[in-house]
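User: I would like to go through a structure with you, strand by strand and then out to the loops. Shall we take a look together?

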Amino acid sequence: MTTMNLLIFSVLLLSSLTIPTMALEVCVKAAVGAPDHLGDCPFSQRVLLTLEEKKVPYQMHLIDISNKPKWFLEINPGGKVPVVKFDGRWVPDSDVITQILEKKYPKPSLVTPAEYASVGSKIFASFVTFLKSKNASDGTEQVLMSELSALEKHLKAHGPYVSGEKISAVDLSLAPKLYHLDVALRHFKNWNVPRNLTHVKKYMKLLFSRESFVKTAAKKKYLIAAWAPKVNP
Ligand SMILES: N[C@@H](CCC(=O)N[C@@H](CS)C(=O)NCC(=O)O)C(=O)O
């Protein structure tokens with residue numbers, strides 16, 4: 001082997017050894033009943049969306065949260081997903097993780113202006129309450145509708161994304177939650193986001209069709225399987 005060939009060979013060998021270790025390790029929820037498939041956790045998807053949008057290479061570990069492996073509980077005694085390993089330290093909580101990602105990988109910026117950071121923040125809780133409700137006149141649907149109407153008003157004034165033309169952190173947090181709302185309410189309650197919420201409808205379409213979303217979304221059947229025992233305990 002010539003010196004040049006040896007040099008090229010060494011560079012290739014070195015890069016093949018270093019590329020996998022450059023990838024961030026991330027633990028996310030595995031699908032309920034299918035531990036080899038990506039699960040439905042909206043907080044895990046939020047982190048994956050942030051990694052995808054920032055084009056940060058990552059290595060995913062699927063965690064069966066109904067049967068957490070010993071190694072996972074050792075690195076993360078709190079036992080929740082997502083967790084990401086930064087500089088040798090495992091960090092839980094999607095709020096904390098996405099803030100660290102923004103600092104470490106500032107481009108493209110996903111910073112949401114402070115005045116828009118809580119847009120839509122009550123939608124998920126009101127969706128869950130409505131989903132689990134067995135009493136059609138308990139007002140839970142109206143609470144959800146008022147949150148969705150507030151989002152509609154905001155998007156009409158500032159859209160197509162929460163902070164305008166560019167996607168930002170708040171959209172990446174809302175997207176998986178709106179996906180749950182869309183899939184679970186249609187399946188369990190035959191309920192759809194009303195047509196007159198045109199901006200919300202367009203927003204959901206825009207989010208769900210992004211490459212990052214398609215790559216990181218759980219299959220609908222896994223999402224339904226995860227909600228079933230909570231809807232009908
Ligand atoms: N506040 C946390 C919530 C994470 C969370 O609730 N994860 C759920 C799955 S979606 C979990 O790990 N549950 C397992 C458990 O609590 O044992 C975040 O934003 O990351």
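User: How many bridges join β1 to strand β2, and in which direction do the two run?

Analyst: Happy to start there. This is a predicted model, in which local features need pLDDT of at least 70, side-chain atom pairs count only at pLDDT 80 or more, and totals for chains, interfaces and linings use all residues. Residues are numbered from 1 along each chain as its sequence is written. Strands (E, at least two residues) and helices (H or I, at least four) are DSSP runs numbered from the N terminus, and two strands pair if DSSP finds at least two bridges between them. For β1 and strand β2 (residues 34–38), the count is 2 bridges, and the direction is antiparallel.

User: Which residue of that hairpin takes a positive phi?

Analyst: The hairpin of β1 and β2 has 2 residues between the strands. On the strands themselves, A30 stands opposite L38 in β2. The positive phi, near 80°, belongs to G33.

User: Why does D87 count as exposed?

Analyst: D87 sits in the loop between β4 (83–86) and β5 (89–92). Its phi is positive, near 45°, in a residue other than glycine. D87 counts as exposed because its C-beta neighbours inside 10 Å number 7.

User: And D93: how many C-beta neighbours does it have inside 10 Å?

Analyst: D93 is in the loop between β5 and α4, and it has a positive phi of about 85° although it is not a glycine. D93 is also one of the residues around the ligand. D93 counts as partly exposed because its C-beta neighbours number 15.

User: How do the residues of the shell around the ligand divide?

Analyst: The residues around it include K29, C41, F43, K80 and D95. Ala, Val, Leu, Ile, Met, Phe, Trp, Tyr, Cys and Pro count as nonpolar, Asp, Glu, Lys and Arg as charged, and the others, Gly among them, as polar. The shell divides into 5 nonpolar, 2 polar and 4 charged.

User: Which residue does a cis peptide bond join to P108?

Analyst: P108 is in the loop between α4 (94–104) and α5 (123–132). The omega of this cis bond is about -10°. The residue joined to P108 is K107.

User: Where is P160 found, and what is the omega of its cis peptide bond?

Analyst: P160 is in the loop between α6 (140–158) and α7 (169–189). The cis peptide bond joins it to G159, with an omega of about 10°.

Notes:
Buried ≥ 20, exposed ≤ 12 C-beta atoms within 10 Å, placed from the backbone. Near = placed C-beta within 6 Å.
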